Amino acid sequence: MSLKHKAAAPAADSSLFDQSELQYQSGFGNDFATEALAGTLPVGRNSPQRVAHGLYAEQISGTAFTAPRDVNRRSWVYRIRPGAVHSPFKPYSNAWVEEPLCAQPEPNPMRWNPLPIPAQPTDFIDSWRLFAGNGAPQSMSGCAIYMYCATESMGHRYFYNGDGELLIVPQEGRLGIKTEFGLLRVEPQEMVVIPRGCRFNVSLLDGHARGYICENYGALLRLPDLGPIGSNGLALSRDFETPVAWYEDQEGDYELIAKFQGALWCASIGHAPCDVVAWHGNYAPYKYDMRRFNTIGTISFDHPDPSLFLVLQSPSYAPGVDDIDFVIFPPRWLVAENTFRPPWFHRNVASEFMGLVQGQYDAKSGGFVPGGASLHNCMVSHGPDAETFDKASNEDTSQPRKVTDTLAFMFETRVPLLPSNEALGSPLRQKDYYLCWQSVARHFNSGESV
Ligand SMILES: [Fe+2]
């Protein structure tokens with residue numbers, strides 16, 4: 001059974017999200033306490049016999065109850081109605097969730113053009129397109145990677161994902177996101193994480209919006225340890241922003257869409273779901289402005305591994321090996337002497353899904369465009385194209401050079417990524433991608449030294 005929109009999406013109220021700009025708190029994994037009505041949060045206990053203002057107490061746990069304290073995530077929310085107040089979920093049909101992954105993927109480098117703007121009105125949830133994935137929600141390990149391109153706000157439709165947290169990287173168009181924990185406005189060059197189970201609603205603030213999503217089935221994303229880098233550098237904890245409490249007290253005809261075990265479900269609900277008046281805890285959405293990333297690189301020679309550009313990681317059970325690394329390549333100075341400065345030719349045990357938010361990526365002269373994507377799977381050879389190789393081989397490396405107007409990123413995974421059948425057969429796929437290396441010239445001369 002397929003349920004459709006019950007209400008046309010109203011125009012996005014961007015002024016609502018303007019107000020939210022002043023309401024952020026700072027910190028990553030902090031224990032927050034925030035209330036939209038004074039005197040709501042109980043003192044000395046989480047679930048008093050009666051909550052102030054006639055509210056209901058509800059705990060949302062994002063980790064096992066017994067998880068060690070430093071990774072334990074849970075929040076207590078105090079809301080107008082408990083989350084259980086809705087009609088039974090019924091199957092919700094949508095092409096993107098029914099799209100299978102390819103069981104026998106080819107070991108070729110792959111690249112795609114950006115998703116076109118849909119001809120039909122399409123909201124954020126209906127606009128996802130599955131590109132690749134690994135693992136499974138059932139095993140609570142792995143991820144799915146989507147791209148979205150939406151043209152209308154969600155209106156009275158709300159969504160939660162029971163399969164994983166969502167790392168959303170907008171490429172075009174600002175998103176106004178109502179969540180149970182408060183309001184977020186997110187723009188290109190920022191990223192946002194919506195926790196598993198968190199109910200939310202997306203308004204488009206600029207007519208249409210396009211971007212990338214990594215659905216993380218595994219351990220919650222966290223900041224990496226810094227090791228020899230020291231106590232500062234890369235993404236700073238204080239730059240991760242979490243909303244303060246905000247609530248909507250609206251009765252009406254609403255829909256709650258859920259993703260659970262790879263399928264979509266829909267329930268009707270007689271009130272707006274973001275009715276949390278106050279909350280405390282450390283399980284909540286957060287956003288991060290990638291322009292604040294403290295990029296670290298060589299100041300002598302050679303090209304460090306991309307792990308140095310790590311923003312967030314989802315650790316696996318193997319020490320030092322992550323299920324997912326979220327890595328960015330922002331503007332930066334290149335100063336390495338007598339060095340080939342762009343990323344070299346390489347093959348990795350890890351698999352790399354890349355996107356480009358803006359500008360140009362320094363390993364490619366063309367073809368990899370903003371809004372596009374590439375996939376270089378486990379041990380698939382890739383690297384600079386022929387034009388980039390020639391340019392970088394002849395660059396004067398006695399002079400520093402600044403890479404400007406660029407923001408590329410990578411969802412890097414421990415397990416190979418299976419592309420979706422839709423992505424493999426998509427007209428957006430650049431089937432001639434391999435040609436960018438075929439004109440790499442032979443320079444070998446056994447009688448000549450460098
Ligand atoms: Fe690579």
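This is a predicted model: local features need pLDDT of at least 70, side-chain atom pairs count only at pLDDT 80 or more; totals for chains, interfaces and linings use all residues.
Local features need pLDDT of at least 70 and side-chain atom pairs count only at pLDDT 80 or more, while totals for chains, interfaces and linings use all residues. Residues are numbered from 1 along each chain as its sequence is written, and side-chain values use heavy atoms, with hydrogens and water left out.

**View 1. The largest cavity holds about 140 Å³.** A cavity here is a set of points on a 1 Å grid over the protein atoms alone where a 1.4 Å probe fits but cannot get out; the volume is the space filled by probe spheres set on the points, which are joined across faces, edges and corners. The structure has three cavities of 30 Å³ or more. Lining the largest one are 16 residues (an atom within 4 Å of a point), with Arg 73, Asn 282, Tyr 283, Ala 284 and Tyr 286 nearest its centre. The lining splits into nine nonpolar, five polar and two charged residues (Asp, Glu, Lys and Arg count as charged; Ala, Val, Leu, Ile, Met, Phe, Trp, Tyr, Cys and Pro as nonpolar; the others, Gly among them, as polar).

**View 2. Six strands make an open antiparallel sheet, ordered β6-β25-β24-β27-β22-β21.** Strands are DSSP runs (E, at least two residues), numbered from the N terminus, and two of them pair if DSSP finds at least two bridges between them. At the edges sit β6 (110-112) and β21 (310-315), each pairing on one side only. Four bridges link β24 (residues 351-359) to β25 (residues 373-376); Glu 352 faces His 376 in β25.

**View 3. An open antiparallel sheet of four strands runs β2-β19-β4-β3.** β2 (32-35) and β3 (56-61) are the edge strands with a single partner each, so one side of each has no neighbour in the sheet. β3 and β4 (residues 74-79) run antiparallel, joined by six bridges, and Ser 61 has Arg 74 in β4 as its bridge partner.

Methods. On a 1 Å grid over the protein atoms alone, a cavity is a set of points where a 1.4 Å probe fits but cannot get out, and a pocket is an open set with protein on both sides within 12 Å along at least five of seven lines; lining residues have an atom within 4 Å of a point.
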